[in-house]
Amino acid sequence: MASTADIKNGVVLSIDGQLWNVIEFQHVKPGKGGAFVRTKLKNVVSGKTVDRTYNAGAKIEIENVDRRDFTYLYNDGENFVFMDVADYDQLNVSATVVGDAAHYLLENQQVQIALNNGNPLYIDLPASVVLEITYTEPGLQGDRSSAGTKPATLETGHEIQVPLFVEQGTKVKVDTRTGDYLGRVS
């Protein structure tokens, strides 16, 4: 057991049998009354975010989470297969754990996987990835009904909004957290 003094960003807590990642924390010492710790927690499995307050010195349970580098190999239909960069062991990760990260995964891409007792919890992609546009309609300069954007399909099969001047075959930078177009890559 640890105390609230051990709370830091990125620490994973076990609360009522569920794993919660600390996004933000703040130690508060009011002029009157006891100190407390205000936290913002994100559920590792569901992604739900909650605010929680602990009295200073309260006992909490910190889980051991190992973040290791992996290389994405392939999708075998129901699982995504990754290879550990350190020891070349393969790890099968279910599609539910991969989640929306599947929209931006290419073969031989480097990712970080958080493991708890050998079980994959979630995948950390780089903040942005470079992907090629496989299909998009030609944009008409006079058409401004869609605020100057049009749909485009990436090489992973995911669809994003891009400016009208982007053409098929163009490599673009995409934000993996929001799915937004960030710019062309030459």
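Trainee: Starting with S14, does that residue count as buried or exposed?

Mentor: S14 counts as buried, because its relative accessibility is 18% and the cut-off for buried is under 20%. Bear in mind throughout that this is a predicted model.

Trainee: And where does S14 sit, and which residues is S14 in contact with beyond its neighbours in sequence?

Mentor: S14 lies in strand β2, which covers residues 12–15. Once the neighbours within four places in sequence are set aside, its contacts are L19, E61 and E63.

Trainee: Switching to salt bridges, how many does the structure hold?

Mentor: There are four salt bridges in the structure. One of them joins the side chains of R68 and D84, with 2.9 Å from N to O, and this pair links distant parts of the chain, since R68 belongs to strand β8 and D84 to strand β9, 16 residues apart.

Trainee: Which residue does K171 meet in a salt bridge?

Mentor: The side chain of K171 meets that of E132, at 3.8 Å from N to O. Here again distant parts of the chain are linked, with K171 in strand β16 and E132 in strand β13, 39 residues apart. K171 is partly exposed, with a relative accessible area of 39%, and E132 is partly exposed as well, with a relative accessible area of 28%.

Trainee: And what does D175 pair with?

Mentor: D175 forms a salt bridge with R177, and their closest N and O atoms are 3.3 Å apart. D175 counts as buried because its relative accessibility is 10%, while R177 counts as exposed because its relative accessibility is 66%.

Trainee: Now the nonpolar side: which members of the largest core touch the most other members?

Mentor: The largest nonpolar core has 26 residues, and those touching the most other members are F82, V98, L105, V111, I113 and I123. Several strands each supply at least two residues of this core, among them β8 (66–75), β9 (79–84), β11 (110–116) and β13 (128–136).

Trainee: What does V98 touch, then?

Mentor: Not counting residues up to four places away in sequence, V98 touches F80, F82, V93, L105 and I123. There is also a second, separate core of 11 residues, which includes L13, I15, W20 and I60.

Trainee: Last topic, pockets: how much space lies in the largest one, and which residues are closest to its centre?

Mentor: The largest pocket holds about 750 Å³ of space. Of the 26 residues that line this pocket, K42, V98, Y122, I123 and D124 are the closest to its centre.

Terms used
Residues are numbered from 1 along each chain as its sequence is written. This is a predicted model: local features need pLDDT of at least 70, side-chain atom pairs count only at pLDDT 80 or more; totals for chains, interfaces and linings use all residues. Side-chain values use heavy atoms; hydrogens and water are left out. A nonpolar core is a set of buried Ala, Val, Leu, Ile, Met, Phe, Trp, Tyr and Cys residues joined through side-chain atoms within 4.5 Å. Buried means under 20% relative accessible area, exposed over 50%, partly exposed in between (1.4 Å probe, protein chains only). Helices (H or I, at least four residues) and strands (E, at least two) are DSSP runs, numbered from the N terminus. Contact means heavy atoms within 4.5 Å. On a 1 Å grid over the protein atoms alone, a cavity is a set of points where a 1.4 Å probe fits but cannot get out, and a pocket is an open set with protein on both sides within 12 Å along at least five of seven lines; lining residues have an atom within 4 Å of a point. Grid points are joined across faces, edges and corners, and a volume is the space filled by probe spheres set on the points.
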